Amino acid sequence: MNYSIAVIPGDGIGPEIIGEAKKILEKVGSVFGHEFLYTEVLMGGVSIDAHGVPLTEEALETAKNSDSVLLGAVGGDVGNSRWYDVAPHLRPEAGLLAIRKGLNLFANIRPAYLYKELSEACPLKKEIIGDGFDMVIMRELTGGLYFGDRFTREIDGVRTAVDTLTYNENEIRRIAIKAFDIAMKRRKQVISVDKANVLDSSRLWRNVVEEVAKDYPEVTLTHMLVDNCAMQLVMNPGQFDVILTENMFGDILSDEASMITGSIGMLSSASMNESKFGMYEPSHGSAPDIAGKNIANPIATILSAAMMLRYSFDLDQEADAVEGAVEKVLSEGWRTGDIMSKGCRQVSTTEMGDLIAGKIL
Ligand code: IPM
Ligand code: MG
C-alpha cells in the first residue's frame, strides 16, 4: 500500500528526530512492502523565517490532504526575538495550536509507560514504582483555556488580562467516548480528572462523562480532582489506566507522567480527529539547547511513527515490529545521553535510529 504523510520537522531537534523516524518508516516499508510518500511542510519558527507566519494556509491544506501528519517539534529559545518579540498569534507555538484546530484534532493520546530497562532513570523510589505503570492520558486538545477568548487591557486604570475556559457538552462527550473506547482495549478503567469543586466547566465535564459511562458498563469510572491527581501520579502511578482530562490539565499532567517514566525523550503522542486521521509527535519539545548536536533521543518520535502505523493505517504488525525493536535495543543496553545509566553504552541520535532500524526484520 501507499501512504501519504505530511512531515513537519519544525525547529530545534525536530529535523534530527524526524530524520530517524523516517529511517524507521523506510525500513518498515522495505520489510513489509509499503511505500510512504512524504511531503515536507513548514511550521513554527522555520515557517516564520520563510513566510512571516508560523503556519500558512497552504501548509494546513497539505496536511489536510495527506493520510496523516508526522511532527518533530516547534518553538525555540524565548530569547530569540525574531520569533518571540511578536504578537502571540505569530509565535511558533501558535502554528501548533492552529494546526490542531484546523485539522480538528480534539483527542490527544499520550501513553506513559515505564520500560523495565529504564526503571533506573525513574525518579521515584522503588517501593512506589512497584511493578511499574502503564497509563494513557486522553487529553482534550481543541477547547478550554487554549482556545477561549483572551485579551489584555487596562480596566479602570489597572492592567488586566483575561483568559476564558469554555466547554460545551458535545466537546466533552466526544473526548469521553475516545477515552472509554481506548479503555475497552486496555484494563477498562477511566479516571476522569477535573476541578469540579471550583469550576463550572468541570461540573459539566463530570455530568457528561457520567452519561457516556452508561454506554460502557464494563468500564469502571472514577472522578479525581486535578490537584489530587498530580499527587497520586508520584505516590501511586500504578493505579492509572486511562486518564481523561481537559486541555490545560492534560498539558500539565502529561509532563508529570512523562517525567516519571525516566525521560520525556521516550514518550510518543497521537492527536486524532473523529476519523482515523491523526498527527503524531513526541510529547517533548524542540530542545533548542541541544539542537544540531546529534545527541537528542529519537525514540519518542520513532514510537510516534509506530502509533501512526497502528492508529491511522491499521498496520498493527508493523507497529509491533517497531515497538519490539525499541525494546530490544534498550535491553541490549544502548542509550542516548538522556537515558544513560551505568553499564550502558551511549550512542548518538543517528546511531540509535540505525540500531532500531536494524532490529526490524
Ligand atoms: C504540548 C505543548 C504545547 C501545549 C505548547 C508547545 C503550546 O506543551 O504539546 O504539551 O501546551 O499543548
Ligand atoms: Mg505540554
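## Aromatic pairs

Two rings of Phe, Tyr or Trp (for Trp, the six-membered ring) count as a pair if their centres lie within 6.5 Å. By this rule, the count in this predicted model comes to six aromatic pairs. Let us look at one of them. The ring centres of tyrosine 3 and phenylalanine 313 are 4.3 Å apart, and their planes meet at 25 degrees, so this pair is stacked. The cut-off behind that word is an angle under 30 degrees.

Tyrosine 3 and phenylalanine 313 are both buried. They also belong to one aromatic cluster, formed by Tyr3, Phe36 and Phe313.

## Charges over rings

Aromatic rings can also have a charged side chain over the face, and here are two cases to find in the structure. Arginine 153 lies over the face of phenylalanine 151, at 3.9 Å from the ring centre. Arginine 345 lies over the face of tryptophan 334, and its distance from the ring centre is 3.9 Å.

## The largest pocket

Next, some empty space. Rolling a probe the size of a water molecule over the atoms shows where such space is left. The largest pocket holds about 870 Å³. It is lined by 27 residues, and the closest to its centre are Ile109, Ile182, Met307, Arg310 and Tyr311.

Which elements each supply at least two residues of this lining? They are strand E4 (107–113), strand E5 (134–140), helix H7 (169–184), strand E11 (268–272), H11 and H12. Sorted by class, the lining of the largest pocket has 14 nonpolar, two polar and eleven charged residues.

## The second largest pocket

The second largest pocket has a volume of about 720 Å³. Its lining has 32 residues, and those nearest its centre are Leu96, Asp251, Ser283, His284 and Gly285. By class, this lining divides into 15 nonpolar, seven polar and ten charged residues.

Strand E3 (68–73), helix H5 (92–102), helix H10 (247–259) and strand E12 (278–282) each give at least two residues to the lining of the second largest pocket. Which element supplies the largest share of this lining? The answer is H5, with four residues.

## Two positive phi angles

Now for the backbone. Most residues other than glycine have a negative phi. Alanine 287 has a positive phi, near 40 degrees. Alanine 287 sits in the loop between E12 and H11. Its relative accessible area is 25%, so alanine 287 is partly exposed.

Aspartate 314 is not a glycine either, yet its phi is positive, at about 55 degrees. Aspartate 314 is found in the loop between H11 and H12. Is aspartate 314 buried, partly exposed or exposed? Its relative accessibility is 48%, so aspartate 314 counts as partly exposed. To be called exposed, a residue needs over 50%.

## A closer look at arginine 203

Arginine 203 lies in helix H8 (residues 200–213). With 36% relative accessibility, arginine 203 counts as partly exposed. Leaving aside residues up to four places away in sequence, arginine 203 touches Ala196, Asn197 and Val198.

Conventions
Residues are numbered from 1 along each chain as its sequence is written. Chains are lettered from A and ligands numbered from 1 in the order in which they are written. This is a predicted model: local features need pLDDT of at least 70, side-chain atom pairs count only at pLDDT 80 or more; totals for chains, interfaces and linings use all residues. Side-chain values use heavy atoms; hydrogens and water are left out. Rings of Phe, Tyr and Trp (its six-membered ring) pair if their centres lie within 6.5 Å; planes under 30 degrees apart count as stacked, over 60 as edge-to-face and the rest as tilted. Buried means under 20% relative accessible area, exposed over 50%, partly exposed in between (1.4 Å probe, protein chains only). A charge sits over a ring if NZ of Lys or CZ of Arg is within 6 Å of the ring centre and within 35 degrees of the ring normal. On a 1 Å grid over the protein atoms alone, a cavity is a set of points where a 1.4 Å probe fits but cannot get out, and a pocket is an open set with protein on both sides within 12 Å along at least five of seven lines; lining residues have an atom within 4 Å of a point. Grid points are joined across faces, edges and corners, and a volume is the space filled by probe spheres set on the points. Ala, Val, Leu, Ile, Met, Phe, Trp, Tyr, Cys and Pro count as nonpolar, Asp, Glu, Lys and Arg as charged, and the others, Gly among them, as polar. Contact means heavy atoms within 4.5 Å.
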